[in-house]
Amino acid sequence: MDFRKFIIIPIFIAFLAFTFILIDQLISPLMPIAGNSGFGWVTFQAWAMYFMAGCTIKGGIRTFLGYIMGIIAALSIIYMAGVFGSTGTWAFPIAVFVAVIPMCTMERAHWSLDFVPALFISSAVFFAFTGLYPQATKTSMAITILVYCAIGMVYGIVTVGARTAYEKLVAKPI
């Protein structure tokens, strides 16, 4: 495909990003975290995770389930750090050590739970939320992350579907 035909793809993706930012500005105030400044960054990294998972519906499901598991892992780390609190500085590192073992073993799980990168990204996003939105509850953080992850999956599906259709269209001989 020559550049004149190819450039339509980046322009379309830019348009999708544009529409998402408009959507974010509309729904962000409706999210259960007061005083937020938008959560678009969660959708953009989830959108990228869709591509890392293979650009398929199955990959999107694996990504979304990985996000759920990552939130559970982050909550487990927070809980265990509290349990190990008497160890002082060691509490959080011990909790991470204990949690990372089952997190890594998920690669051996059933196909829907084996996308470990999504699990680690989601866990990191949850910890980012705890720093960025200290006023938020754990439940409101989890809901917000999952809503924005789901939006990223939808945008991934639209991106791949539109690109595939466009590439078929321009490949047809005239």
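Buried means under 20% relative accessible area, exposed means over 50%, and partly exposed is in between, with a 1.4 Å probe and protein chains only. By that scale C55, at a relative accessible area of 29%, is partly exposed.

Some ground rules. This is a predicted model, where local features need pLDDT of at least 70 and side-chain atom pairs count only at pLDDT 80 or more, while totals for chains, interfaces and linings use all residues. Side-chain values use heavy atoms, without hydrogens and water, and numbering runs from 1 along each chain as its sequence is written.

Now the cysteines. The structure holds zero disulfides, a disulfide being a pair of cysteine sulfur atoms within 2.5 Å. For C55, the nearest cysteine sulfur belongs to C149, 15 Å away. C104 is in no disulfide either; its nearest cysteine sulfur, again that of C149, is 20 Å away. C104 is partly exposed, at 36% relative accessible area.

Next, helix α6. Helices are DSSP runs of H or I, at least four residues, numbered from the N terminus. α6 covers residues 116-132, 17 residues in total, and spans 24 Å from first C-alpha to last. That is close to the expected 24 Å, taken as 1.5 Å times one less than the number of residues. Which residues of α6 are buried? They are V116, A118, L119, S122, S123, V125, F126 and F129. These buried residues pack against α3 (40-52), α4 (57-83), α5 (91-105) and α7 (138-171), with contact meaning heavy atoms within 4.5 Å.

Last, I157. This residue lies in helix α7 and, at 35% relative accessibility, counts as partly exposed.

Key: Helices (H or I, at least four residues) and strands (E, at least two) are DSSP runs, numbered from the N terminus.
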